[in-house]
Amino acid sequence: MLRSQTKLFALGKRQLCRSMSKSCDLTLVEVDDKTGIATLTMNKPPVNSCNLEMMRALKDSMKQIEGNKSRGIILTSSNNKVFSSGLDLNELRNPEQERLVAFWKELQEMWLTLYLSNLPTAAAINGHALAVGCVMASACEYRVMLPGFTIGIHATKFGYVVPPFIVNSYLSVLPRPVVERALLQGKIFSTDEAQQINLIDEVANSKEEALSKCASFIGSFAEANPVARALTKRQLRAEFARTLLDEPEAELKESLEYITSPLFQDSLDAYLAKLKSKNKK
Ligand SMILES: CC/C=C\CC/C=C/CC(=O)SCCNC(=O)CCNC(=O)[C@H](O)C(C)(C)COP(=O)(O)OP(=O)(O)OC[C@H]1O[C@@H](n2cnc3c(N)ncnc32)[C@H](O)[C@@H]1OP(=O)(O)O
């Protein structure tokens with residue numbers, strides 16, 4: 001069942017099929033009646049930062065789409081400047097333990113749901129995709145990005161030791177030496193740079209074009225048996241998901257210890273202050 005903060009639209013009929021929410025809709029799902037492809041739009045102003053509720057809405061939307069027998073998922077953003085600014089840093093700052101546990105579990109589950117989705121997945125990256133924003137795009141099978149934006153995992157710049165499943169997200173797209181350098185530098189790539197290293201597959205000049213290229217990619221599996229495709233994908237991806245499938249509690253414990261450490265909290269304070277001061281100048 002759809003959880004709150006998610007809407008399901010049927011594009012062909014242009015009508016709202018189902019809405020469980022009277023508050024802000026963090027995700028929007030539109031299914032194209034002709035192609036059967038679902039577009040999952042992140043819709044959390046101002047910059048699609050992923051707090052607990054956002055990640056839950058994303059996970060639930062993906063499950064809903066899978067349950068509706070759609071042919072594929074295109075992940076995109078309602079903000080034409082920002083695809084996603086990654087984790088909501090406010091969730092990590094002086095966190096309350098119970099919420100932090102729920103938050104981190106939701107990150108693990110949301111990533112597993114996307115990374116191991118039975119359906120073909122593609123990201124129409126119509127804005128900056130930073131940190132977990134980049135991780136979500138990398139978890140998809142195909143990426144189309146608009147020019148003039150940035151993408152990358154810069155966690156080391158704000159004092160975070162990148163956890164293995166995030167490293168693996170990059171490793172499933174990029175060669176190991178490139179991953180090592182990018183993560184250690186906290187490198188953020190321009191659209192052109194991302195295309196040069198194959199972090200993205202194509203560049204599109206508009207969101208419509210990006211969605212269309214993603215739909216063509218998903219359409220390329222028309223001849224594949226969906227069950228065989230899904231099981232083969234799972235087999236190919238299982239190794240990189242192993243830590244979270246087998247030992248989520250261990251990963252959780254390690255991440256929580258790190259997030260609550262003075263080393264990380266001090267770095268985060270400084271980073272957040274810098275982020276806020278940008279808007280006061
Ligand atoms: C714990 C680590 C786990 C694993 C390791 C690897 C993964 C890392 C985890 C993450 O994902 S941490 C998130 C890191 N993300 C960022 O550092 C992004 C920072 N944001 C930006 O660079 C910019 O906001 C932007 C390029 C995305 C968009 O720029 P612009 O359109 O100019 O918007 P503003 O900068 O004015 O932002 C509006 C508003 O939103 C606040 N904000 C932005 N990003 C975040 C965020 N990730 N979490 C919380 N809040 C965020 C920003 O401070 C502004 O707030 P005001 O109150 O000043 O309006």
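Predicted model: local features only at pLDDT ≥ 70, side-chain atom pairs only at ≥ 80, totals over all residues.

Visitor: How many helices and strands does the secondary structure of the chain come to?

Guide: Helices (H or I, at least four residues) and strands (E, at least two) are DSSP runs, numbered from the N terminus, and here the chain has 11 helices and 12 strands. The radius of gyration, taken over C-alpha atoms, is 18 Å, close to the 19 Å that the globule rule (2.2 Å times the number of residues to the power 0.38) gives for 281 residues, so the chain is as compact as a globular protein of that length.

Visitor: How is the packing of two helices described?

Guide: Two packed helices are described by the angle between their axes and the distance between the axes. Axes are lines fitted to C-alpha atoms, for helices over the stretch in contact, with angles from 0 to 180 degrees between N-to-C directions. The axes of H3 (residues 97-115) and H10 (residues 248-259) come within 10 Å and cross at roughly 130°. That makes H3 oblique to H10, since angles under 35 degrees count as roughly parallel, over 145 as roughly antiparallel, 65 to 115 as roughly perpendicular and the rest as oblique.

Visitor: Which residues make the contact?

Guide: With contact meaning C-beta atoms, placed from the backbone, within 7 Å, they include Leu100 and Trp104 of H3 and Leu252 and Ile259 of H10.

Notes:
Residues numbered from 1 in each chain as written. Contact = placed C-beta atoms within 7 Å.
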